[in-house]
Amino acid sequence: LFVALRGEKFDAHDFVKQAIEAGAVAAVTEKPIEGCPCLVVKHTGRALLQIARFYREKFHPTLVGITGSVGKTTTKEMIACVLESQYATLKTQGNFNNELGLPLTVFRLRDEDEIAVLEMGISDFGEMTRLAKIAKPDTCVITNIGTCHLENLGDRDGVLKAKTEIFQYVKRNIVLNGDDDKLSTVKEYNGMQPVFFGNGENASVTCENVESRGLKGMSCDICLKGKMAENGEFQTFHVDIPMPGRHMVSNALAAAAVGRLYGLNAEQIKNGIESLEPVSGRFNMIETDKFMIVDDCYNANPVSMKASLDVLKEAKGRKVAVLGDMGELGTDEAALHAEVGTHAGTCGIDALYCAGPLCEHLAKAAKEADPKLEIRHFADRESLMAELPKLLQDGDQILVKASHFMEYGKIVEMLSAEK
């Protein structure tokens with residue numbers, strides 16, 4: 001079945017005949033197409049959601065829905081790695097998490113799938129309700145409430161309101177980051193008491209002895225308390241997380257919480273977390289004969305940008321941040337870029353090369369924070385790419401990060417090919 005969606009740059013109605021010739025039995029369209037079998041509807045995007053909801057109801061896997069401002073994809077990967085040790089597990093591929101990606105993931109469900117781990121991303125009010133109505137998760141996980149999509153959501157309270165729309169359709173468990181000042185205020189919903197992870201006073205999955213292994217990852221002891229412990233009291237086990245950054249510890253705690261809710265023991269949780277492999281564009285390490293490149297360029301917001309800079313400072317060697325504009329930040333976009341710039345100027349990196357009109361605020365704030373820091377700002381990505389090879393040195397540890405529209409993946413490709 002070919003669903004003819006309309007986008008900003010395309011209209012799939014132009015390809016209906018081609019799709020039928022290629023083997024589609026029919027098309028869902030917003031207008032009749034001569035010579036083609038069509039199901040004509042008012043809005044093909046909404047029709048896709050309805051089809052996905054119908055399809056989802058034909059299958060009965062346990063479903064874990066993951067949302068949050070930062071860390072959704074890595075947390076989804078960690079949870080899936082943990083659950084795979086005991087269950088046939090379907091997971092969202094890449095970050096297919098919106099009103100197109102979620103239906104496409106749901107259409108991959110098969111009878112043999114015991115658990116599905118679905119990432120759910122939004123940018124406006126009402127979207128989570130539509131996604132959750134399809135997914136109907138048994139368990140939901142919220143990683144944090146950050147400063148992203150403020151263009152539509154206004155402020156962090158708006159982000160909290162939009163993300164927690166998922167609660168309407170959750171059947172059994174709510175798993176929340178207890179270190180987040182907004183999420184920690186959630187008491188209960190429809191009789192479900194939240195399971196908190198982190199180091200807040202309400203957390204039942206916590207950590208201690210956290211250590212950085214540089215760009216090789218993190219180590220910590222995960223502590224399970226009360227009902228989360230196998231003995232019903234207290235339990236601790238050590239885990240080596242194969243991705244760097246303090247925020248990765250939080251993601252691992254979320255995975256441990258979900259693992260325990262579904263009956264996995266400490267050894268299974270440990271093995272699952274330690275088997276994690278990075279997703280392209282999500283803190284993926286690429287080592288060439290010249291550089292160590294941290295490919296974190298799929299997307300960016302102020303929280304994730306600062307977290308990535310904190311990881312970069314742990315690197316051995318010259319630390320270079322190659323940053324770009326962050327989108328959808330609303331009226332405070334200049335101030336939020338400046339906030340990241342101040343952080344860049346105080347976190348211990350050696351050089352900052354950035355591009356884009358908003359990054360001018362970032363570069364200026366970084367220079368004010370550390371006048372000695374090597375900083376170069378360029379008008380656009382192309383100008384940056386033209387000069388970057390001359391600015392870099394053999395042995396550099398390079399973080400590449402920007403919002404997706406900046407297409408910083410092209411920078412990663414260029415640097416990966418450097419000999």
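This is a predicted model: local features need pLDDT of at least 70, side-chain atom pairs count only at pLDDT 80 or more; totals for chains, interfaces and linings use all residues.
**Strand β7**

I started at strand β7 (residues 139-142), where both faces are covered: Thr 139 and Val 141 on one side, Cys 140 and Ile 142 on the other, all buried. For me, buried means under 20% relative accessible area, with exposed over 50% and partly exposed in between (1.4 Å probe, protein chains only). Side chains in a regular strand alternate between the two faces of the sheet. My strands (E, at least two residues) and helices (H or I, at least four) are DSSP runs, numbered from the N terminus.

Numbering runs from 1 along each chain as its sequence is written, and side-chain values use heavy atoms, without hydrogens and water.

Next I looked up the neighbours of β7. Strand β4 (residues 62-67) pairs with β7 in the parallel sense over 4 bridges; I count strands as paired if DSSP finds at least two bridges between them. Ile 66 stands opposite Val 141. Strand β8 (residues 173-177) also pairs with β7 in parallel, over 4 bridges, and there Thr 139 has Asn 173 as its bridge partner.

**The three-stranded sheet**

I then went to an open sheet of 3 strands, ordered β1-β2-β3 with parallel pairing. β1 (2-3) and β3 (38-40) are the edge strands, each pairing on one side only. Between β2 (residues 27-29) and β3 I found 3 bridges, and Ala 27 has Cys 38 in β3 as its bridge partner. Helix α2 (residues 44-56) packs on this sheet, touching β1 and β2, and its direction makes about 130° with that of β2.

Thr 74 lies in helix α3 (residues 72-83) and is buried at 10% relative accessible area.

The axes of α3 and helix α8 (residues 246-261) come within 9 Å and cross at roughly 40°. Axes here are lines fitted to C-alpha atoms, for helices over the stretch in contact, with angles from 0 to 180 degrees between N-to-C directions. The contact residues include Thr 74, Met 78 and Val 82 of α3 and Met 248, Asn 251 and Val 258 of α8.

Definitions and conventions: Contact means heavy atoms within 4.5 Å.
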